[in-house]
Amino acid sequence: MSTTKKIAGVALAAALGVTTLSACGSDAKDKSAGTSDAPKSKTVTLVSHDSFNVTESVLKEFEQQSGYTVKVLKSGDAGAALNQEILTKGSPRGDVFFGVDNTLLSRALDNGIFTPYEAKGLGEVKPEYVLDKEHRVTPIDSGDICVNYDKAYFADKKIAPPQTLDDLAKPEYKNLLVVENAATSSPGLGFLLASVGKYGEEGWKDYWSKLKANGVEVVDGWEQAYNERFSGSAGGKKAKGDRPLVVSYASSPPVEVLYGEPQPAEAPTGVATGTCFRQIEFAGLLKGAKNEEGGKALVDFLISKKFQEDMPLQMFVNPVTKDAALPELFTKHGVVVEKPENVTPQTIAENREQWVKAWTALVVK
């Protein structure tokens with residue numbers, strides 16, 4: 001996800017580092033990955049960014065049904081994790097990579113780190129998420145990067161909260177918005193891409209000039225923006241944040257409800273649905289995987305109804321399959337983003353570096 005710190009609640013729930021998730025009673029001989037008979041191994045390794053999470057009982061059910069023990073190797077943010085797989089191309093650290101998103105997809109595909117595999121159940125995935133027709137990667141989840149607003153602030157000031165990108169440059173929202181650095185943050189990059197999608201190559205720089213003139217604040221990452229500077233989050237309130245607008249996720253309001261103490265009847269934050277960029281995350285079978293069959297079974301599991309319905313409350317993302325239902329927390333407190341901005345993975349790959357450099361020179365320096 002570039003970073004799938006992508007979703008605002010993952011920072012509260014995800015464990016860091018290397019985590020092994022395995023069924024009870026696993027035999028010691030299951031730890032044979034990396035030995036000469038590794039293809040017969042019953043251990044399958046998922047390489048991921050730090051935000052991967054799954055309910056233990058859901059994972060155990062897969063392990064019991066498949067006979068495989070799943071090891072999860074967490075490797076920092078998605079960009080760092082992807083870099084490591086590119087450097088170890090052909091001799092991967094695991095069997096499946098999860099977490100490359102549409103902002104980094106072309107880079108992963110161009111480096112040839114995946115083996116094509118058409119997953120069982122792919123027909124249940126909504127067609128708009130299948131971006132690689134060669135099936136080198138399989139869509140797993142989606143999430144919308146959007147501006148969030150502090151409901152109480154705008155109610156107290158009797159100002160309507162912004163709803164579109166254009167709104168953010170208006171005088172009534174001067175000095176209210178905090179965003180993440182596009183060079184160091186996945187949501188920051190996603191918000192830059194939203195402006196590219198909306199205003200095009202000719203117009204996005206002018207838009208950011210307007211935002212700068214309107215007092216936009218730039219910080220390094222999501223944690224600082226959302227939990228320190230944003231007045232609407234639980235963390236921001238404790239830190240006395242004074243910015244009522246922040247770039248976060250469409251799933252952030254349900255997270256505020258879930259972790260609220262006491263749990264509020266309604267979300268204290270809202271989403272400006274006309275400011276969004278959609279991230280799609282993928283998983284792929286790594287070329288040179290020691291346990292290719294186990295890897296295929298694991299990819300199948302990631303788009304199974306069981307995993308897809310577990311995923312929203314574990315990683316605060318949306319399922320990509322037609323048959324997966326959202327939990328009540330999402331349907332009651334979340335929003336549906338009907339028309340997020342879009343930039344093709346190939347266009348992103350061709351222009352990402354120059355866009356970020358131009359953005360940095362314009363907004364930060």
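## Basis of the description

A residue is called buried when its relative accessible area is under 20%, exposed when it is over 50%, and partly exposed in between (1.4 Å probe, protein chains only). The structure is a predicted model, in which local features need pLDDT of at least 70 and side-chain atom pairs count only at pLDDT 80 or more, while totals for chains, interfaces and linings use all residues. Residues are numbered from 1 along each chain as its sequence is written, and side-chain values use heavy atoms, with hydrogens and water left out.

## The chain as a whole

The chain holds 13 helices and 11 strands, taken as DSSP runs numbered from the N terminus (helices H or I, at least four residues; strands E, at least two). Of its 365 residues, 56% count as buried, and its accessible surface, computed by the Shrake-Rupley method with a 1.4 Å probe, comes to about 15400 Å², with 50% belonging to carbon and sulfur atoms. Among contacts (heavy atoms within 4.5 Å) with a separation of 6 or more, 77% join residues 24 or more positions apart.

## Helix H3 and its buried side

In helix H3 (residues 78–87), the buried residues are Ala 78, Gly 79, Ala 81, Leu 82, Glu 85 and Ile 86. They lie on the same side of H3, because they cover an arc of only 160° around the axis, the arc being that of the directions from the helix axis to the C-beta atoms. The buried residues of H3 pack against strands E2 (43–48), E4 (96–101) and E10 (269–286), and also against helix H4 (105–110).

## Strand E9 and its partners

Strand E9 (residues 245–249) is mostly covered, with 5 of its 5 residues buried. Strands are said to pair if DSSP finds at least two bridges between them. E9 pairs with strand E6 (residues 138–150) in the antiparallel sense over 5 bridges, and Tyr 149 stands opposite Leu 245 of E9. Strand E7 (residues 177–180) runs parallel to E9 and is joined to it by 2 bridges; here Val 178 has Val 246 in E9 as its bridge partner.

Leu 313, which has its place in helix H11 (residues 305–315), counts as partly exposed at 36% relative accessibility.

Gln 346, found in helix H13 (residues 345–364), is likewise partly exposed, with a relative accessible area of 40%. Although Gln 346 and Thr 103 are 243 residues apart in sequence, they are 9.0 Å apart in space, C-alpha to C-alpha.
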